[in-house]
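I opened the model to look up charge pairs, a helix contact and a surface patch. My notes follow.

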Amino acid sequence: MTNPYAAPAANMPPAMAAEQTYAPRMLATTGRIGRVRYLVYVSLLTSAMMAGAVLMVAALLPIGPLASTLALLMLIPLLGMLVVMTRRRLHDMGHSGWWCVLGLVPFVNLVVGLWPLLEAGNPGENAYGLPPAPNGWQLVLAACVIPLAMLLCLPTYLRMQYRWSTLVAAAYFHVPMPGVPEIPAPPHLTPIWR
């Protein structure tokens, strides 16, 4: 006899689990990031490195060219963060983070630099964790605006780098600067061995 109060005995498949994702953070050292986040994060870090280099050189050049050159060593942590971003992006594609070491090889670094921007990441969970959350409109807008702003600022950055290198050459090697009358360098810009 059948019980009218029993649960139905239909053969139903279990409900599909919702796709799990996580929200990546910019300065995290683990996890995965997609192409758009990678472009935004790397652009922001590169902009910070360029601005930091210009400001440190401009601030420390009156002290001496050697001090401004040594100040550039403070940019090493930012370079380390660029390596971490590349490693996270490679993890999203399912590759080992050691592939970013190829970025140190001349001419190979051009391919390694474009590879994370061109190859899509794994759609689901891989050996390196959950996939990143979908990109919002803010990230897409930043991915368009920040690299464009960097390209527009590049001539100014190159002009400042040229001026810095001519000042250092004039101070250390007594090279005349174009368009500047010959005057002796101030004592703090005169090398010790002269």
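I took a salt bridge as a side-chain nitrogen of Lys or Arg within 4 Å of a carboxyl oxygen of Asp or Glu. The model is predicted, so local features need pLDDT of at least 70 and side-chain atom pairs pLDDT 80 or more, while totals for chains, interfaces and linings use all residues. Residues are numbered from 1 along each chain as its sequence is written, and side-chain values use heavy atoms, without hydrogens and water.

**Charge pairs.** I found 2 salt bridges in the structure. In one of them, the side chains of R32 and D92 meet at 2.9 Å, N to O. R32 sits in the segment before α1 and D92 in helix α3, so the pair ties together parts 60 residues apart in sequence. Helices here are DSSP runs (H or I, at least four residues), numbered from the N terminus.

**Helix contact.** How do the axes of α1 and α4 cross? I read roughly 135 degrees for α1 (residues 35–60) and α4 (residues 108–118), with the axes coming within 8 Å. Axes are lines fitted to C-alpha atoms over the stretch in contact, and angles run from 0 to 180 degrees between N-to-C directions. R35, Y38 and L39 in α1 meet P116, L117 and L118 in α4 (heavy atoms within 4.5 Å). I sorted these residues into 5 nonpolar, no polar and 1 charged; Tyr, Leu and Pro count as nonpolar, Arg as charged.

**Surface patch.** Which residues form the nonpolar patch? They are L66, L70, L73, I76 and L79, with about 490 Å² of accessible area together (Shrake-Rupley, 1.4 Å probe). Patch residues have over 30% relative accessible area and no salt bridge, and nonpolar side chains are joined within 5 Å. Helices α2 (65–71) and α3 (76–92) each give two or more residues to the patch.

Note on methods: Patches are made of residues with over 30% relative accessible area and no salt bridge: like charges are joined within 9 Å, nonpolar side chains (Val, Leu, Ile, Met, Phe, Trp, Tyr) within 5 Å.
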